[in-house]
Amino acid sequence: MKGKPTSTSRAPGEPRSIGYLYVLPALAVYGLFLLYPFGQAVGLSFLHWDGLTRATSAGLDNYTALFTDPTLRAPFGHALILLVFYAALPVVIGLLLAATMSRIRVRGLTFFRTVLFLPQVLAMVVVGVAWRSILAPDGLLNDALRAVGLDGLARPWLGDDTWALPAVGVVGTWVMTGLCMVLFLAGAQRIPRELYEAARLDGAGAVREFFAVTLPGLRGEISVALTLTIIAGLRNFDLIYITTGGGPGNATSVPAYEVYHRAFELNEVGSAAAIGVALTVLIFALTVTVSRLVEGRRA
Amino acid sequence: MTSRIERTATYAILALFAVLALTPVIGILSTAFSSPNSVGGGFALPDTLHWSNFQQAWQRGHFGTYLGNSVLVTLVVVTASTVLSILAAYAFGTMRFRGSTLLFYLFVLGLTLPQEALVVPLYFDLRYFHLTDTYWALILPQTAQSLAFGVFWMRTYFMNSTRSVIEAARVDGANTWTTLWRILVPMGRPAITTLIVITFMWTWNEFLMALVMISDESLRTVPLGLAFFQGQQSADTTLLAAASALIALPVVVVYVALQRKFIEGMLSGAVKE
């Protein structure tokens with residue numbers, strides 16, 4: 001490519017600074033309605049404010065409360081548990097399936113892909129309404145359990161202190177597994193057949209073949225899957241709002257829900273902003289960790 | 001041979017998971033079509049298709065109004081964010097100017113910034129300017145949020161577009177503006193279609209922004225309408241199911257027609273590099 005200084009590599013009569021003009025409209029909207037509010041959120045997080053009267057400085061109170069106040073610690077704990085359902089489980093299921101399917105060329109891939117990916121395009125509100133009726137005391141799940149004689153297992157899933165969080169988690173698994181399968185399926189079909197044949201000639205069993213060929217071959221896809229599912233899992237507001245509203249008690253409260261609850265129902269705006277900022281930091285930390293660990297990328 | 005067993009097992013597994021993915025959807029549809037008086041509804045296929053549930057849900061839930069609001073907001077957000085994304089990404093992808101990398105990363109940052117962190121200050125800002133309870137409170141923040149993906153996605157297209165085409169246009173005396181709209185945009189139709197369907201889906205499904213910004217009933221979008229409908233009709237599962245189906249329908253229709261674009265676009269959201 002051109003190694004000359006930029007002044008001479010410019011085309012005649014066409015100053016590249018026209019680039020600023022092209023970027024400007026987008027940057028204005030983006031700056032005003034995304035970057036600036038985020039800056040404000042950071043500012044608000046250092047205040048005590050009820051949204052109406054004069055705000056007072058809070059110092060680091062709102063942040064220390066994230067560690068000391070059990071009603072704030074719990075949502076973050078729940079979010080991490082939910083990540084098992086939103087990210088870990090779908091990736092593991094997806095990998096196991098990709099492993100069994102990596103050895104052959106699948107026909108009708110388009111059909112399966114379309115169906116498996118469908119939960120991803122449905123509005124979370126719709127998903128929430130659908131699953132709420134499935135998990136309701138007289139919903140489909142309990143009907144099915146009673147029909148096969150497991151009456152003892154039937155319960156109001158979303159109203160149960162112990163079961164509400166896993167129940168919401170299962171919905172997440174339902175939404176995310178298809179995404180992981182689609183990713184891994186496509187990735188596995190791209191792994192050269194020769195690698196499998198070579199592994200087999202070396203006498204590798206199915207397990208060793210998985211760890212020696214399939215898993216390394218899917219590194220990039222695993223990283224993408226984890227990034228997407230972790231972000232979706234931590235941003236999970238709609239589903240909680242529709243299915244449980246954080247209840248029973250605060251058994252299913254998550255940071256994303258707590259932001260809304262504190263800012264607009266309890267009028268603790270500073271605390272809500274601090275949760276939002278902490279959530280952002282958590283998302284960044286986890287996505288960076290994923291890309292370092294899974295892809296082995298260095299800084 | 002083992003390959004035959006493997007083949008059967010593979011399709012059996014795929015079929016099982018396809019069924020699992022579809023079960024809740026079919027459950028909702030069969031409930032939506034079942035008799036309003038039946039208890040539970042469930043997977044027992046309805047004897048006759050009760051289309052009246054949809055009509056009832058439509059009227060009682062005021063979904064006509066909500067649908068209009070959703071169409072308006074989605075149309076404006078998709079148009080505005082697509083045009084702005086194309087303009088900015090064109091500069092990032094084909095021009096060199098000081099600070100362009102930094103500016104680009106600022107946009108990419110938006111892919112991981114959670115809405116929850118923005119919605120609180122946005123509410124107070126927009127309220128200050130008396131913009132809550134207007135379409136603007138939905139349009140402006142959602143356009144800004146769509147730009148992160150839009151700029152990222154379109155920049156990839158512009159960077160991969162053939163350099164020689166741009167050079168040739170310049171030699172012919174076309175300026176950057178004509179090159180963009182006469183040559184690169186028509187050539188980039190597939191990439192732009194992907195961007196449009198993804199933005200359409202995100203905007204159509206958006207819930208938190210609408211919940212916070214809109215208290216006027218006549219301005220509700222469909223997801224918000226459904227949430228309130230659930231509050232009122234929680235006992236009436238058939239109506240609720242019919243309303244859910246109605247709301248999901250537009251996105252599902254576009255998805256089935258253009259599934260490749262949806263999948264391609266949504267999977268690229270995990271930023272590389």
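Biologist: Is A:R155 buried, exposed or partly exposed, and what is its relative accessible area?
Modeller: Keep in mind that this is a predicted model. Buried would need a value under 20%, and exposed one over 50%. A:R155 falls in between, so it counts as partly exposed, with a relative accessible area of 21%.

Biologist: Which residue does A:R155 meet in a salt bridge?
Modeller: The N-to-O distance for this pair is 3.9 Å, and the cut-off is 4 Å.

Biologist: Okay, and A:E221: which residue does it form a salt bridge with?
Modeller: Here the closest N and O atoms are 3.0 Å apart. The pair links distant parts of the chain, with A:E221 in helix α11 (residues 219-234) of chain A and its partner in helix α8 (residues 164-190) of chain A, 31 residues apart. The partner is A:R190.

Biologist: A:R200 and A:E209 also meet in a salt bridge, so which of them is buried?
Modeller: Their N-to-O distance is 3.4 Å. A:R200 has 42% relative accessibility, which makes this residue partly exposed. The other residue has a relative accessible area of 2%, and under 20% means buried, so the buried one is A:E209.

Biologist: Which residues do salt bridges that share partners join into one network?
Modeller: Side chains of opposite charge can pair when their charged atoms come close. Over all chains, the search of the whole structure finds 6 salt bridges. The network joins A:E258, A:R262 and A:E268.

Biologist: Now the two chains together: how much area is buried between chain A and chain B?
Modeller: In terms of contacts, 90 residues of chain A touch 91 residues of chain B. Carbon and sulfur atoms give 74% of the buried area. The area itself is about 8200 Å².

Biologist: Which residues of chain A lose the most area to chain B?
Modeller: Together they make up 10% of what that side buries. They are A:Y22, A:Y30 and A:F33.

Biologist: How many salt bridges does the rule find across the interface of chain A and chain B?
Modeller: There are polar contacts there, with a count of 17 residue pairs. The side of chain A that touches chain B divides into 63 nonpolar, 16 polar and 11 charged residues. Even with those charged residues, the number of salt bridges across the interface is 0.

Technical notes. Residues are numbered from 1 along each chain as its sequence is written. Chains are lettered from A and ligands numbered from 1 in the order in which they are written. This is a predicted model: local features need pLDDT of at least 70, side-chain atom pairs count only at pLDDT 80 or more; totals for chains, interfaces and linings use all residues. Side-chain values use heavy atoms; hydrogens and water are left out. A salt bridge is a side-chain nitrogen of Lys or Arg within 4 Å of a carboxyl oxygen of Asp or Glu. Buried means under 20% relative accessible area, exposed over 50%, partly exposed in between (1.4 Å probe, protein chains only). Helices (H or I, at least four residues) and strands (E, at least two) are DSSP runs, numbered from the N terminus. Contact means heavy atoms within 4.5 Å. Buried area is the accessible area (1.4 Å probe) that two parts lose on being put together, summed over both. A polar contact is a pair of N or O atoms within 3.5 Å; within protein, one must be able to donate a hydrogen and the other to accept it, and residues adjacent in sequence count only if both atoms are side-chain atoms. Ala, Val, Leu, Ile, Met, Phe, Trp, Tyr, Cys and Pro count as nonpolar, Asp, Glu, Lys and Arg as charged, and the others, Gly among them, as polar.
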